[in-house]
Amino acid sequence: MKLRRIGILFLCAGILSGCKDGMALEPEKKGGEEAVLMEASQPEPVSYEGDEVSRWRALLEENEISESFQTGLARFAFDSGSAVLRGQSGNGVYSPLSLYYALAIAGYGAEGETEQAVLTALGVESREKLGEQCEKLYRWYVYDEAYGKARAEAYGEEVPDSALKLSNSLWVSDQLKPESEYFNDAAERFYASSYQADFRSPETGKRIGNWIREQTEGVLSPELSLDPETLLAIVNTLYFYGGWTTPFREKNTKDDLFFLEDGSEITVPFLNRTEELGSFYRGDGFTAAALNTNHSCRMVFLLPDEERNAEEFLKDGNLLREALDSPQEEWTAGEVVWKIPKFSFGSSMRLKETLASLGMERMFDPALAEFGRISQDGLYVSDVIQESRLGIDEEGVEGAAYTMLMLLGAGLPQEQLRAEMILNRPFLFGIQDQANDIWLFLGVCRDPSSEETAELVASEISRKKN
C-alpha cells in the first residue's frame, strides 16, 4: 500500500457539545465558523442542589477511575517524566496527563502490535478499558467542578478560585478517507469534536492555534506551521489553575539569593511563610513538602540536600516516584518554613525518542505502524512535540500544556520535627490531583529568573482572577 503523508496534533481543557451516534463525517457550517463534521458528546447534565451531598457523591463515585488505571497513569507519569526532564541544562515542565490523553486517542485508532505497544505503555489491558476510563475521568472533572459551584451557591460561599479543564478536537482534511466509527468513538469516549480543515492553507494553523489559546485561557498561543499534506490533527489541551488554600501575603515577598548549579547566584523574589501545622517527608538525600490548592490538588516540592543535585532524582521513573509520591502515612507533622522563588517558565519538547524508549517504537516505523481504525491509508507517527507552561505567585499556580503528534502517511525526635523548605537552589516539583491520584505536571526549576519576570507572573495570574 502506498503510504500517504499525514500530520496529527494533540492537546488537553473542557468545551462540550452534543453528538449523534453513527453520524457520517459530512461538513456542516456553524455560523460561518469551521465546518463541523461531528460534535462532541456531552456528559449527562445534572441539576442537583448544592446541599444534596449524597447525590453528588454518588455521581462522582460512578465516575471514579479504577485503581488499575490510576496505577498505569502514575507509572506512565514518572517513567516518561524521568525520561523527559533528565539531562536538561535549564528549567523544564512537562504534563504527563496531556501526553497520556494524546496517546490514548491515537492508540484507540491503532491495531495489532502497534495498539498493544501503546496499551502496554499506558498501563491498560484493552482499548475498550482505555476509552471507558478516559471517559470517566473527563466526566469526573466536569461534575466535580459543577459540584463545587453548586455547593458554594447553596451555602452562600465564594466559588472556589480553581479550574481543571480537559478538551479534545480533531481537524480532518477532505483528502483523508476516515473510518467514521473511530470519529464517533472519539466524540463519545474522548469528547472530541471533528472539524473540516484545509492544511494547504496557513489559516488552518491559525485556527488551531486560536482554539488552543481559547482552551488554555490564553496561557498558550502557538503559531503553528503545519505540513500542507497533513490529513488529520487531533488536539488535546490541559489547563489548570489552583489558588493556594492559604495564600501567601504579598508584604512577605522579599528579594533574596538563588544559587545556580554552576555556583553562581542571582537575586529573585521569594514567597515566605511558616506553617506551624504543616507536614513534610525526609527521604534519602532530600526533603519534600506540599502546598494544597483548590480542586483537591497539591503542589509537591522536592528540595535536594546541599550535597545532592536535582538531576540525581531524575535518573529513572521509580526513583522520581519514590521521591515525589512517598506514602502520606510516612510524612511527619511539624513546622514547615516556606521560602519559594516566584517563577514562570515553559518548555517545548520533542518526545519521539522518549516514547520509543518506553516501548512504542513501532508506531514510528512506516513499515510497521498500524492505525487502520483511523483510516485505511497507511499512517505512522513522525514526531511528537509538547509545549507546557507553569507559574506561581502569592495567590496560586497556573499551568497549561498541549501535545502534538505528527503523523505521516505511509517518625523523628522532637527537635527534628521541623522542615525548612528554603528553595534557594535547584529543586523539583509536581502538581497532583489527589482525588484521582493523577500527576498533572512534573518539573525542575534550575533558574527561576529565566524567561519571565516575577512581575509578569503576578500580573498574568491576577488577570485570570479578574
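**Reading the model**

Tutor: Begin with one helix and its cover: the buried residues of H6 are covered by elements that include strand S3 (35-38), H3, helix H5 (127-154), strand S5 (162-172), S6 and S7. Helices (H or I, at least four residues) and strands (E, at least two) are DSSP runs, numbered from the N terminus. Contact means heavy atoms within 4.5 Å.

Student: Which residues of H6 are buried?

Tutor: Buried means under 20% relative accessible area, exposed over 50%, and partly exposed in between (1.4 Å probe, protein chains only). In H6 the buried residues are Tyr182, Phe183, Asn184, Asp185, Ala186 and Ala187. Just after H6, Tyr191 takes a positive phi of about 55°.

Student: What kind of model is this, and how are its residues numbered?

Tutor: This is a predicted model, in which local features need pLDDT of at least 70, side-chain atom pairs count only at pLDDT 80 or more, and totals for chains, interfaces and linings use all residues. Residues are numbered from 1 along each chain as its sequence is written, and side-chain values use heavy atoms, with hydrogens and water left out.

Student: How should I read the confidence?

Tutor: pLDDT is the predictor's confidence in each residue, from 0 to 100. Here the chain has a mean pLDDT of 85, and 88% of its residues reach 70 or more. Confidence is highest in helix H4 (residues 112-122), at a mean of 96, and lowest in strand S1 (residues 10-11), at 39. Over residues 1-23 the pLDDT stays under 50, and the model has 134 contacts beyond four places in sequence for them. Residues 453-466 are also below 50 in pLDDT, and this stretch has 23 contacts in the model beyond near neighbours in sequence.

Student: How many helices and strands does the chain have?

Tutor: The chain has 10 helices and 18 strands. Of its 466 residues, 58% count as buried.

Student: How do I find a core?

Tutor: A nonpolar core is a set of buried Ala, Val, Leu, Ile, Met, Phe, Trp, Tyr and Cys residues joined through side-chain atoms within 4.5 Å. The largest one here has 124 residues, and those with the most contacts inside it are Met299, Phe301, Phe371, Leu390, Phe429 and Leu440. Helix H3 (residues 96-108) gives the largest share of this core, 10 residues. Another core lies apart from it, with 22 residues, among them Ala163, Ala197, Ala233 and Ile385.

Student: What is Leu390 in contact with?

Tutor: Neighbours within four places in sequence aside, the contacts of Leu390 include Val93, Met299, Phe343, Phe345, Val397, Phe429, Ile431 and Phe441. Ser344, Glu398 and Gly399 are also among them.

Student: How do I follow strand pairing?

Tutor: Two strands pair if DSSP finds at least two bridges between them. In a regular strand the side chains alternate between the two faces of the sheet. Take strand S9 (residues 265-283), which pairs with strand S8 (residues 254-259) in the antiparallel sense over six bridges. Asp256 stands opposite Val268 in S9. Five residues lie between the strands of this hairpin, where Gly263 takes a positive phi near 95°.

Student: In what sense does S9 pair with S12 and with S10?

Tutor: S9 pairs with strand S12 (residues 332-341) in the antiparallel sense over nine bridges, and Thr274 stands opposite Val337 in S12. With strand S10 (residues 286-293), S9 pairs in the antiparallel sense over four bridges. Tyr281 has Ala288 in S10 as its bridge partner. The hairpin of S9 and S10 has two residues between the strands, and Gly285 takes a positive phi near 90°.

Student: Is Glu217 buried, exposed or partly exposed?

Tutor: Glu217 counts as partly exposed, at 35% relative accessibility. This residue has a positive phi of about 55° although it is not a glycine, and its place is in the loop between helix H7 (202-215) and strand S7 (232-243). Tyr191 also has a positive phi, in the loop between helix H6 (180-189) and strand S6 (192-196). Tyr191 is buried, with a relative accessible area of 2%.

Student: How many disulfides does the structure hold?

Tutor: A disulfide is a pair of cysteine sulfur atoms within 2.5 Å. The structure holds zero disulfides. Cys134 counts as buried, at 1% relative accessibility, and Cys297 is buried at 1%.
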